[in-house]
Amino acid sequence: MKVIGYWITSLVDEEFPPPQELVTDYVPGTRQRIADYLDAGATFEVYRGVSWCRFFCGHPGHCSELTDGEWVWPADLSHYVRDHSVRLPDAFIADALSKPVPATAHCSSPSIIPDETYWISWCAKHRSNSLRSRIQAARTQADIEVQQIKAQAIADRERQEGLSGTTCQWLGCQNLALAGRLICASCMLTAQWSGTLFEPYWDLRPVLHM
Ligand SMILES: [Zn+2]
Ligand SMILES: [Zn+2]
């Protein structure tokens with residue numbers, strides 16, 4: 001089974017495009033038929049997270065994937081076709097326009113892991129890249145923000161704990177260790193950071209909302 005309809009999730013996401021880069025003109029009538037086909041899919045999987053429209057139009061998010069037995073898509077993909085005229089692969093459109101709308105529920109099988117590679121390479125070939133420079137600029141800005149968050153946290157920690165007279169024991173690190181510790185503030189905080197340092201990269205609204 002092939003996955004379609006997944007979009008950029010953060011500023012460092014290189015695989016999935018913003019749907020703005022796939023907006024197209026449909027032949028009159030086909031857009032509605034494709035959207036109806038997408039709505040009629042059987043539930044394949046339900047997730048805990050809720051998606052949000054990448055056009056920031058206020059459309060309520062979905063948390064499930066639907067399928068026709070061959071393709072798998074997020075439940076709100078019909079919204080992107082119907083309301084934002086987003087393009088999908090010709091092979092899927094041919095199915096959607098020729099096959100009857102799937103009427104029976106397919107059971108999701110835990111052994112089936114849908115393939116994302118088809119969608120990723122199709123997007124790479126067909127996206128317009130019109131937002132690429134905006135995304136890159138925002139990513140550079142987020143990099144700077146992350147460096148500032150780090151520097152501030154290190155300075156705060158050094159002020160609280162003071163510095164020792166010895167070098168950090170972490171391999172290759174030349175910073176002074178914190179007073180009474182073997183490692184420096186930077187090495188100590190790096191182990192705790194991972195998630196919080198990613199926050200500036202989640203903010204897609206300024207880039208995609210125009
Ligand atoms: Zn929308
Ligand atoms: Zn260190």
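User: Which residue stands opposite Leu66 in β4?

Analyst: That's Trp73. Before we go further, this is a predicted model: local features need pLDDT of at least 70, side-chain atom pairs count only at pLDDT 80 or more, and totals for chains, interfaces and linings use all residues. Residues are numbered from 1 along each chain as its sequence is written, chains are lettered from A and ligands numbered from 1 in the order in which they are written, and side-chain values use heavy atoms, with hydrogens and water left out.

User: How many helices and strands does the protein chain have?

Analyst: Helices (H or I, at least four residues) and strands (E, at least two) are DSSP runs, numbered from the N terminus. Here the protein chain has eight helices and six strands. The C-alpha trace spans about 75 × 40 × 30 Å along its principal axes.

User: In what order do the four strands of the open sheet stand?

Analyst: Two strands pair if DSSP finds at least two bridges between them. In this sheet the order is β1-β4-β3-β2, and the pairing is mixed. The edges belong to β1 (2–3) and β2 (42–46); each has a single partner strand, so one side of each is left without a neighbour in the sheet.

User: Which way do the paired strands run, parallel or antiparallel?

Analyst: You'll find both senses here. Strand β1 pairs with β4 (residues 71–74) in the parallel sense over two bridges, and Val3 has Val72 as its bridge partner in β4. Strands β2 and β3 run antiparallel and are joined by four bridges, with Ala42 opposite Thr67 in β3. Three bridges join β3 to β4, again antiparallel. Three residues lie between the strands in the hairpin of β3 and β4, and there Gly69 takes a positive phi near 100°.

User: Where do the side chains of β3 point?

Analyst: In a regular strand the side chains alternate between the two faces of the sheet. In β3 (residues 64–67), Ser64 and Leu66 point one way, while Glu65 and Thr67 point the other way. All of these are buried, where buried means under 20% relative accessible area, exposed over 50%, and partly exposed in between (1.4 Å probe, protein chains only). Across the protein chain, buried residues make up 40% of the 210 residues.

User: Which residues of helix α3 are buried, and which are exposed?

Analyst: Along α3 (residues 90–98), the buried ones are Phe92, Ile93, Asp95 and Ala96. These cover an arc of only 160° around the axis, which puts them on the same side of α3. The arc is that of the directions from the helix axis to the C-beta atoms. Asp90 and Ser98, on the other side, are exposed. The cover over the buried residues of α3 includes α1 (30–39) and β4.

User: What are the protein donors of the zinc ion (ligand 1)?

Analyst: Donors are N, O and S atoms within 2.8 Å of the metal (3.2 Å for Na, K and Ca); water is not among the atoms, so sites may look incomplete. For ligand 1 they are Cys53 (SG), Cys57 (SG), His79 (NE2) and His84 (NE2), at 2.0 to 2.2 Å. Cys57 sits in the loop between β2 and β3 and His84 in helix α2 (residues 77–84), so the pair ties together parts that are 27 residues apart in sequence. Cys57 is partly exposed at 41% relative accessible area, while His84 counts as buried at 15%.

User: What arrangement do the four donor atoms of the zinc ion (ligand 2) have?

Analyst: Four donors count as tetrahedral if all angles lie between 85 and 135 degrees; four count as square planar and six as octahedral if opposite donors are over 155 degrees apart and all others between 65 and 115; anything else is irregular. The angles around ligand 2 are 104 to 114°, which makes the arrangement tetrahedral. Its donors are Cys168 (SG), Cys173 (SG), Cys184 (SG) and Cys187 (SG), lying 2.3 Å away. Cys168, in the loop between β5 (163–167) and β6 (176–178), and Cys187, in helix α6 (residues 185–193), link distant parts of the chain, 19 residues apart. Cys168 is buried at 5% relative accessible area, and Cys187 counts as buried at 14%.

Methods:
Contact = heavy atoms within 4.5 Å.
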